[in-house]
Amino acid sequence: MAEPTTINETGQVASVRQTKSRRSWLAFVVAGILVAGVVIVVRLVQDSGPEGHYRRGRAALAAIDREAVLREVETLSQIAGYEHHAWLLQGLLFTRLGKLDEAIVYLGKAAEQPSLFVEANTAAAQCLYTSGLYLQAIAASEAALKQDDNCLDARRWLAAALYDLGALPNAVEELKRISANAPNDPRPDRLLGLIAKDGEHFAD
């Protein structure tokens, strides 16, 4: 029995099977285009929303593009619920620029937002340590570690501050924890070696 035929849009004779196959393929392609369109629209909305501004601010910060960071800070500071993100960006920028007093103020404000607490306190610990405020650096580091015990950057500033205060047993304990969790970082082992060497020197 002959296969049923139909006339396609070009006026050519085509089998019903071929026509259905082409329609199915067309529907599949159209569905794919619609899905892609939805993804693009979602991304555009995200990029134009608060998170998009924050991502661009972080990218500008990584590039040390001061003006671009400040533009995003200005925008975020006017969006309800994102003031703390603006303060974090501003604090991190001031840290990069060496304006440590200003950085500490903004990082303290950013730390009021729970989701930013660890990063803000870790960055504050860096500023405080660099400023020679070792006890305050320890407090900021320990605050970050209390919420995230795996934050190695906070533990690094804690170890550094303890070392400079002469609390060597505590510094050694922190350095060993860092070394165990970051085996590719040679700095903790190097400092542990120096501490051991100094201990031998004083023992003699």
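1. Two residues are in contact when they have heavy atoms within 4.5 Å of each other. The note below applies this term to a predicted model.

2. Overall composition. The secondary structure of the chain comes to 10 helices and 2 strands. Starting at the N terminus, the order of elements is β-β-α-α-α-α-α-α-α-α-α-α. The chain has 204 residues, of which 34% count as buried. Among contacts in the chain with a separation of 6 or more, 39% are between residues 24 or more positions apart.

3. Packing of H2 and H3. Two packed helices are described by the angle between their axes and the distance between the axes. Helix H2 covers residues 50-62 and helix H3 covers residues 66-76; they pack at an angle of about 155°, and their axes lie 8 Å apart. Angles over 145 degrees count as roughly antiparallel, and H2 and H3 are therefore roughly antiparallel to each other. The crossing in which H2 passes H3 is left-handed.

4. Residues at the H2 and H3 contact. From H2, the residues involved are Pro50, His53, Tyr54, Arg56, Gly57, Ala60 and Leu61; these meet Ala68, Val69, Glu72, Thr75 and Leu76 of H3. Sorted by class, this contact of H2 with H3 has 7 nonpolar, 3 polar and 2 charged residues.

5. Cysteines. A disulfide is a covalent bond between the sulfur atoms of two cysteines. With a cut-off of 2.5 Å between cysteine sulfur atoms, the count of disulfides is 0. Cys127 counts as buried because its relative accessibility is 0%, under the limit of 20%. Cys151, with a relative accessible area of 13%, is buried as well.

Conventions: Residues numbered from 1 in each chain as written. Predicted model: local features only at pLDDT ≥ 70, side-chain atom pairs only at ≥ 80, totals over all residues. Heavy atoms only, no water. Buried < 20%, exposed > 50% of the residue type's maximum accessible area, 1.4 Å probe, protein only. Axes fitted to C-alpha atoms, helices over the stretch in contact; angles between N-to-C directions. Helix = DSSP H or I, 4+ residues; strand = E, 2+ residues; numbered from the N terminus. Parallel < 35°, antiparallel > 145°, perpendicular 65-115°, else oblique. Left-handed = near helix turned anticlockwise from the far one by under 90°. Nonpolar A, V, L, I, M, F, W, Y, C, P; charged D, E, K, R; others polar.
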